[in-house]
Amino acid sequence: MNQGLILKFENLVQLRGACRQLHTFPYRKVYRAEWKPVQSAAHPLWSVLLPPRFWRKDKSISTALSQCRHLATKEETKRKKKKIPLTKGEVEIRQKMTIEELARAMGKDVDHIYEVLLYTDIDLDSLEPDSILHEDHIKLIVKKSGMKYKSAKLKEEKERENTDAVKRPPADPAVLTPRPPVVTILGHVDHGKTTLLDSLRKTQVASMEAGGITQHIGAFLVHLPSGEKITFLDTPGHAAFSAMRARGTHVTDIVILVVAAEDGVMQQTIESIQHAKNAGVPLILAINKCDKPEADPERVKKELLAYDVVCEEFGGDVQAVNISALKGENLMVLAEATVALAEMLELKADSTGLVEGTVIESRKDKGKGPVTTAIVQRGTLRKGCVLVAGKTWSKVRFMFDENGKAVDAASPGIPVEIMGWKEVPSAGDEILEVESEQRAHEVVAWRTYIEQQEKMKRDMEVIEAKQKEHRMEYEKKQQKLAHLTWRQKKAALYNANKHLMYSKPKERTEVDKNVLSVIVKGDVDGSVEAILNILDSYDAHSECKLDIIHFGMGDISETDINLAEAFNGVVFGFSVKANESIKQLAAKKGIKIKLQNVIYKLIEDLKDELNSRLPPSVVENTIGEASVLNIFSVTVGKNKIPVAGCRVQKGLLDKKMKFKLIRNRDVIWKGSLLSLKHHKDDVQVIKTGMDCGLSLDKHVEFSIGDEIICYEEKEVQQTTSWDPGF
């Protein structure tokens, strides 16, 4: 009796150990033991699967139990450690948690969060694992998962100290010294601004500009025979460069408004006057092209009265000088008028202390790296100075004048080209000198931090607006389901959203095929800015979506081609180049590169690409018209087919073409003819004035007076309705 009990107990222990081993997969993987049925001699029905390596009858029960304790592997231990233990079933939550963070805090996977969100008002199409959830939704998810939540202890974030660089206080008048006036030349496109400046400094700038149109700002120092110096800013007159003209007036002392004597006041002339008024800068009127027979300077002066530009001869304070920039007539009179106005303004500056200035233009030069054209407004700029502009900084390595000659120092009012920037600053950025590179890093870090904070604030506003919109949609859906029981509601919501459970967030958004993705590269920052401003006016998204995936300065690179390939885009380059290897790579990958030196030609290329993305429209071209004079029917097999006796009134009827039946100006039927006969003979074509019999569909009934129209369909390429304004 005792012997039987012992055997039973031994078999029970063996069964317990075997069950543990069956649940321990890593162990079986490591030892690769073959599992065999082991049968007790006394009780053959108690058969269990045991590995012969560990279980032996002559071992004691304690040995068997000790071996069971060693079955857990390191792999299983690591897996257990990965699970985040929940304290009393509570989840520690905080504001602005992402889906991923909430899943980790709950010890669940991301799919669980998506499944719970199906029953909320959140739009799953817009969610990614790193999307931020509202606190109300976080609490709802935790509750629906059968857990409790508690708010995490918020760490009091110390207010970050403002380490930005600022301008110095106004200087003592005693230390101020005279400086050259900064003069901006403004006016309409092709009114002779660059030719005027060219004549003043005796260089051929206009011949270097593509199409004779200035495409970016040039800053030049002009030495007059009298010994006076004037810094000129030549700004583009083209409509696309409005922002660059506005920027030029903000650093200038005097504006010379150039108006062509034969054209008079034009669109950019009016805009230039407005820029000068906004900046509070005095004007000098230069009426150009007075050597032409059709020139009428008096008409120009009278036209300007409508825009509050009153010349001295009409009792105003605006000096007017009639010039011919091409022939060099009266240029010295204009220069003397500028110097006289500058003396009245008593322009002075502090040439000591830390430098202050403004970025006029910036670009990325292949040999020099990031380069800026700047005007010094305070202090004296020298090599080795540490400057900050926007979110970048520079230790000045070299400086050049407008002729490319190296200079050692630049005093207030002097334009200079600066090398040594870490990144390309934006045109119009304020330049400030700081004490050291460490201080420059602090300033850039602070400005980056402020920008990030502002971006977060804007993002939260967008998120809240979206959530409000989705909440309203959710409430509308709930109202529609108000008559259902909670089980029926749950089933209805599940059926409506179950297709989203098996797709990844990125796969939920359908890609619109009718999209033009563009990469914009320009020679300087201002050119890129001008192109982007034009693209911002694009308003034909219903026809074809315009997507700017990248923009920057410099020549076309391999990265641009790879990016264009990824988005099936087109690369547009303005005043930049693409070397042969890049062109070959683009051709191999089927990527278009559009290079232009004149901005309106670049926009024409862009419009051509937009047109190519539009689906062709089908146009009906009428070939012939016939009228139904009589109706009869013929029997074919068991079917009666209606036949119309017609006379061709115009053109011809061709059986291969398409036909439509018109009754009382309404189209009754469209399709192909079943038959076309003339005097009982099958024919292909019936000409004007001939009678014929034709049948359409067996279900179509004719009426006397119906019109039969023979037509062909042609596909015509559509053109975009977008008008960039020039």
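This is a predicted model: local features need pLDDT of at least 70, side-chain atom pairs count only at pLDDT 80 or more; totals for chains, interfaces and linings use all residues.
Visitor: Okay, so where does N330 fall, buried, exposed or partly exposed?

Guide: N330 has a relative accessible area of 40%, so it is partly exposed. You'll find N330 in the loop between β11 (319–322) and α12 (331–345).

Visitor: And what should I look for in its backbone angles?

Guide: Here's the general idea: most residues other than glycine have a negative phi. N330 is not a glycine, yet its phi is positive, about 65°.

Visitor: Which other residue has a positive phi without being glycine?

Guide: Take N568, with phi near 55°. N568 lies in the loop between α16 (558–567) and β23 (570–574), and at 58% relative accessible area N568 is exposed.

Visitor: Let's turn to helices. How do α5 and α6 cross?

Guide: For crossing angles, 65 to 115 degrees counts as roughly perpendicular. The axes of α5 (residues 99–106) and α6 (residues 110–117) cross at roughly 105° and come within 8 Å. That makes the two helices roughly perpendicular.

Visitor: Which residues make that contact?

Guide: From α5 it's I99, E100, L102, A103 and M106; from α6 it's V110, H112, I113, Y114 and L117. By class, that's 8 nonpolar, 1 polar and 1 charged.

Visitor: Which residues of α6 are buried?

Guide: H112, I113, Y114, V116 and L117. The buried residues of α6 pack against α5 and α7. As a rule, an α-helix has 3.6 residues a turn, so residues three or four places apart point the same way.

Key:
Residues are numbered from 1 along each chain as its sequence is written. Side-chain values use heavy atoms; hydrogens and water are left out. Axes are lines fitted to C-alpha atoms, for helices over the stretch in contact, and angles run from 0 to 180 degrees between N-to-C directions. Helices (H or I, at least four residues) and strands (E, at least two) are DSSP runs, numbered from the N terminus. Angles under 35 degrees count as roughly parallel, over 145 as roughly antiparallel, 65 to 115 as roughly perpendicular and the rest as oblique. Contact means heavy atoms within 4.5 Å. Ala, Val, Leu, Ile, Met, Phe, Trp, Tyr, Cys and Pro count as nonpolar, Asp, Glu, Lys and Arg as charged, and the others, Gly among them, as polar. Buried means under 20% relative accessible area, exposed over 50%, partly exposed in between (1.4 Å probe, protein chains only).
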